Amino acid sequence: MALWFLQRLEGNVKSEVGPMQPRELLALVRRGEIKPETMLRKDDSAWFPASEVGGLFEAAYRPEINYYCPSCGKQISQPPVTCANCLHDVGAKEAREVKQAIKAIPSDPKVAKQSSADDGQRSVQSWLRNKVARKQK
């Protein structure tokens, strides 16, 4: 799995935060700590603005779905799965789904422009493949 890093500017001092998993990166976007101009890098790549990561802001503001075991009520991963708490085999139609509402996408023109341009179809992986392919040419 890819690891992400971000640059923070505190006064005149740049610091690097990471490594982070993609879910941690999305959490920072949701909290507003990562903005389109925030500099990111994936693994050992060069630094680039967060606005260049296709689908990052769209994914961060997509509703989250949590699944719960119908027997014990504990949160589980996406079914079909066996509940780690009560060992109940939970089928795909059996689990209780709860969608968490996420705040609206910030009204940043860069994000809106990117959103309309790629309609969330580009994933982070395809973006990185394209970036590497352009550098190799």
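## Reading the pattern

Helices and strands here are DSSP runs, numbered from the N terminus; a helix needs at least four residues and a strand at least two. With that in hand, the order along the sequence reads β-β-α-β-β-α-β-β-β-β-β-α-α. That gives 4 helices and 9 strands. Keep in mind that this is a predicted model.

## The protein as a whole

The protein has 137 residues, and 32% of them are buried. Its accessible surface comes to about 9,000 Å². Carbon and sulfur atoms account for 51% of that surface.

## A sheet of four strands

Follow the strands β2-β1-β3-β4: in that order, they form an open sheet with antiparallel pairing. Which strands stand at the edges? They are β2 (13-20) and β4. Each has a single partner strand, so one side of each is left without a neighbour in the sheet.

Take the pairings in turn. Strands β1 and β2 are antiparallel and share 6 bridges. Leu6 faces Val17 in β2 across this pairing. Strands β1 and β3 also pair in the antiparallel sense, over 3 bridges. Here Phe5 stands opposite Arg41 in β3.

Strands β3 and β4 are antiparallel too, joined by 2 bridges. Met39 has Pro49 in β4 as its bridge partner. These two strands make a hairpin with 5 residues between them. In that hairpin, Asp43 takes a positive phi near 55 degrees.

Helix α1 (residues 22-30) lies across β1, β2 and β3 (39-42). The helix runs at about 130 degrees to β2.

## Rings in the sheet

How many aromatic pairs does the structure hold? There is 1. Trp4 and Phe48 form this pair, with 6.3 Å from centre to centre. Their planes are 80 degrees apart, which counts as edge-to-face because that class covers angles over 60 degrees. The pair links distant parts of the chain. Trp4 belongs to strand β1 (residues 4-10), Phe48 to strand β4 (residues 48-49), and 44 residues separate them.

Are Trp4 and Phe48 buried or exposed? Trp4 is buried, and so is Phe48.

Phe5 also has a charged residue over its ring. Arg41 lies over the face of Phe5, at 4.0 Å from the ring centre. Recall that Arg41 is also the residue opposite Phe5 in the β1 and β3 pairing.

Strand β5 (residues 64-68) pairs with strand β6 (residues 75-76). The pairing is antiparallel and has 2 bridges. Tyr67 stands opposite Ile76 in β6. This hairpin has 6 residues between its strands. In it, Gly73 takes a positive phi near 85 degrees.

Ile65 also lies in β5.

Conventions:
Residues are numbered from 1 along each chain as its sequence is written. This is a predicted model: local features need pLDDT of at least 70, side-chain atom pairs count only at pLDDT 80 or more; totals for chains, interfaces and linings use all residues. Side-chain values use heavy atoms; hydrogens and water are left out. Buried means under 20% relative accessible area, exposed over 50%, partly exposed in between (1.4 Å probe, protein chains only). Accessible areas come from the Shrake-Rupley method with a 1.4 Å probe; for residues, only the protein chains shown count as cover. Two strands pair if DSSP finds at least two bridges between them. Rings of Phe, Tyr and Trp (its six-membered ring) pair if their centres lie within 6.5 Å; planes under 30 degrees apart count as stacked, over 60 as edge-to-face and the rest as tilted. A charge sits over a ring if NZ of Lys or CZ of Arg is within 6 Å of the ring centre and within 35 degrees of the ring normal. Contact means heavy atoms within 4.5 Å. Axes are lines fitted to C-alpha atoms, for helices over the stretch in contact, and angles run from 0 to 180 degrees between N-to-C directions.
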